[in-house]
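Please keep the sequence and the structure in view while reading.

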Amino acid sequence: MRMILLGPPGSGKGTQAKMLCQRLGMAHISTGDILREAVRLGTPLGRQALPYMEQGQYVPDALVNDIVAERFRRADRPESFLMDGYPRTLAQAASFDQALRQQSLGLDAVVNLIVSAEEILRRLRLRQGQENRPDDSEETVRARLKVFDETMPPVIEHYRRQGILKDVAGEGSKEAIFRAILQALGAE
Ligand code: AMP
């Protein structure tokens with residue numbers, strides 16, 4: 001399976017990505033993880049990405065596009081994969097199409113996990129109650145949701161036009177959402 005998992009921040013996308021990769025034997029490619037590792041190691045990429053990440057902003061398209069294209073040019077490129085956190089903009093989607101075409105790899109599916117902003121904020125408040133975290137992170141989450149709402153619609157349309165977009169309701173237990181995704185993929 002070669003797929004992309006899309007979903008707003010706080011939608012449980014990372015958890016579902018791990019469960020799906022385990023079940024379907026896909027490589028989990030998370031640009032957020034790759035960037036955090038580069039920052040930890042202090043590589044040139046990490047140094048370039050850090051100021052954006054610290055402010056919760058997107059890293060420039062050219063940087064992430066290079067990271068992903070390079071990953072697919074390597075001899076040990078994944079044949080079966082799940083993209084988590086990429087593409088996030090239409091320019092990234094176009095670049096990813098090209099990178100896959102160059103490797104003669106086709107995408108099977110793009111799962112669009114739909115969770116309302118109200119539900120994301122409700123889950124956040126629940127977590128804060130349990131973990132006694134400061135309240136200010138609600139503002140950060142709202143800011144991230146706003147960026148997501150501004151950049152994702154053209155990406156979603158891009159894949160809808162390709163006929164591979166699968167909308168899945170991302171509300172309910174994590175097991176129920178997992179089953180709904182597997183069903184949408186025809187992988188149950
Ligand atoms: P994530 O763990 O996917 O939320 O990513 C953490 C941070 O890395 C984001 O807030 C961005 O600063 C950066 N990042 C990860 N993936 C991308 C992407 N596809 N485009 C731009 N920035 C990204």
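Arginine 36 places a polar side-chain atom 3.0 Å from an oxygen atom of the ligand, in what is a predicted model rather than an experimental one. The protein covers 85% of the 480 Å² of accessible area that the ligand has on its own.

## The shell around the ligand

The ligand is surrounded by 13 residues, of which Thr31, Gln57, Gly85, Arg88 and Gln92 are the closest. Sorted by class, this shell consists of six nonpolar, five polar and two charged residues.

Which helix gives the largest share of the shell around the ligand? That share, four residues, is supplied by helix α2, which spans residues 31–41.

## The largest pocket

The ligand takes up space that belongs to the largest pocket, and the volume of this pocket is about 1,100 Å³. Its lining is made up of 43 residues, and those closest to the centre of the pocket are Pro9, Lys13, Arg36, Arg88 and Arg144.

Several helices and strands contribute at least two residues each to the lining of the largest pocket, including β1 (2–6), α1 (13–24), β2 (27–30), α3 (44–54) and α6 (117–131). The largest share of the lining, six residues, comes from α7, a helix that covers residues 137–161. By class, the lining of the largest pocket holds 17 nonpolar, 16 polar and ten charged residues.

## Backbone details in two loops

In the loop between β3 (81–84) and α5 (90–102), where proline 87 is found, the peptide bond from tyrosine 86 to proline 87 is cis, with omega near -5°.

The other feature concerns serine 104, found in the loop that runs between α5 and β4 (109–114). Although serine 104 is not a glycine, its phi is positive, at about 50°.

Technical notes: Residues are numbered from 1 along each chain as its sequence is written. This is a predicted model: local features need pLDDT of at least 70, side-chain atom pairs count only at pLDDT 80 or more; totals for chains, interfaces and linings use all residues. Side-chain values use heavy atoms; hydrogens and water are left out. A residue is near a molecule or strand if one of its heavy atoms lies within 4 Å of it. A polar contact is a pair of N or O atoms within 3.5 Å; within protein, one must be able to donate a hydrogen and the other to accept it, and residues adjacent in sequence count only if both atoms are side-chain atoms. Accessible areas come from the Shrake-Rupley method with a 1.4 Å probe; for residues, only the protein chains shown count as cover. On a 1 Å grid over the protein atoms alone, a cavity is a set of points where a 1.4 Å probe fits but cannot get out, and a pocket is an open set with protein on both sides within 12 Å along at least five of seven lines; lining residues have an atom within 4 Å of a point. A molecule sits in a cavity or pocket if more than half of its atoms lie within 2 Å of its grid points. Ala, Val, Leu, Ile, Met, Phe, Trp, Tyr, Cys and Pro count as nonpolar, Asp, Glu, Lys and Arg as charged, and the others, Gly among them, as polar. Grid points are joined across faces, edges and corners, and a volume is the space filled by probe spheres set on the points.
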